[in-house]
Amino acid sequence: KAGVTQTPRYLIKTRGQQVTLSCSPISGHRSVSWYQQTPGQGLQFLFEYFSETQRNKGNFPGRFSGRQFSNSRSEMNVSTLELGDSALYLCASSISSDTQYFGPGTRLTVL
Amino acid sequence: DQQVKQNSPSLSVQEGRISILNCDYTNSMFDYFLWYKKYPAEGPTFLISISSIKDKNEDGRFTVFLNKSAKHLSLHIVPSQPGDSAVYFCAARGFNAGNNRKLIWGLGTSLGVNP
């Protein structure tokens, strides 16, 4: 069974731009969660989608948004990028908020 | 308000010895606990989990112990190997205000195993 895939793996943007990251969960998994990890920080929870509905949300500004499609694939969008948004963005899928399986992450660099 | 706490940011052990990583939680309603391992620039990898109805779960070199009365769990790695050097995250399953399940994460402990 294929694992969680994330695209792109690396991304360089400039301040003020927007970015869209994509995540394809493990087949059969309906829950997709997004996390941000910055150097020295733990996993900062962004949001979770389940069956196309946002079920949980972390404490991030409205510039961070997401959605989930009917095939469970999910996208995360960050608008008006700031230098502090440079991070590893991780996507995780699960059957339903139990054991989460992570993708390799997208490394976003904002210049 | 950190509901899942890993109080040791780092830990160093000798190869072949036991590594013990600790995790404390505050909410007695948490019903499922997980440990993940993370190498730099990679996604975390699921290691082992335990339900709140058990006090021990073992998988090869990894054993997780749960003490519900103390709201404490620990991960034991025996024997420790250099390849175990990574950041270890503890997570607990709880519920949000809308009664939806969610995982709550600790900040991680960086384990270094010296050859």
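I began with the contacts between the two chains: 21 residues of chain A touch 18 residues of chain B. The model is a predicted one, and I read the entries below with that in mind.

I looked up the buried area next. Chain A and chain B bury about 1500 Å² between them, and carbon and sulfur atoms give 56% of that area.

I then checked which elements of chain A supply the side that touches chain B. Those giving two or more residues are β4 (31–37), β5 (44–50), β6 (53–57), β9 (87–94) and β10 (101–102). I sorted the residues of this side by type and got seven nonpolar, nine polar and five charged.

I searched the interface of chain A and chain B for salt bridges and the rule found zero.

I turned to one residue, B:Lys38, which lies in strand β4 (residues 32–38) of chain B. Is B:Lys38 buried or exposed? I found B:Lys38 buried, and without a salt bridge. B:Glu42 has the nearest side chain of opposite charge, 7.7 Å away. What does the side chain of B:Lys38 reach at 2.9 Å? I traced it to the backbone oxygen of B:Glu42.

Last, I listed the contacts of B:Lys38, leaving aside neighbours within four places in sequence. From chain A I noted A:Gln37, A:Leu88 and A:Leu90. From chain B I noted B:Gly43, B:Pro44, B:Ala86, B:Val87 and B:Phe89.

Key
Residues are numbered from 1 along each chain as its sequence is written. Chains are lettered from A and ligands numbered from 1 in the order in which they are written. This is a predicted model: local features need pLDDT of at least 70, side-chain atom pairs count only at pLDDT 80 or more; totals for chains, interfaces and linings use all residues. Side-chain values use heavy atoms; hydrogens and water are left out. Contact means heavy atoms within 4.5 Å. Buried area is the accessible area (1.4 Å probe) that two parts lose on being put together, summed over both. A salt bridge is a side-chain nitrogen of Lys or Arg within 4 Å of a carboxyl oxygen of Asp or Glu. Helices (H or I, at least four residues) and strands (E, at least two) are DSSP runs, numbered from the N terminus. Ala, Val, Leu, Ile, Met, Phe, Trp, Tyr, Cys and Pro count as nonpolar, Asp, Glu, Lys and Arg as charged, and the others, Gly among them, as polar. Buried means under 20% relative accessible area, exposed over 50%, partly exposed in between (1.4 Å probe, protein chains only). Lys and Arg count as positive and Asp and Glu as negative; His and the chain ends are not counted. A polar contact is a pair of N or O atoms within 3.5 Å; within protein, one must be able to donate a hydrogen and the other to accept it, and residues adjacent in sequence count only if both atoms are side-chain atoms.
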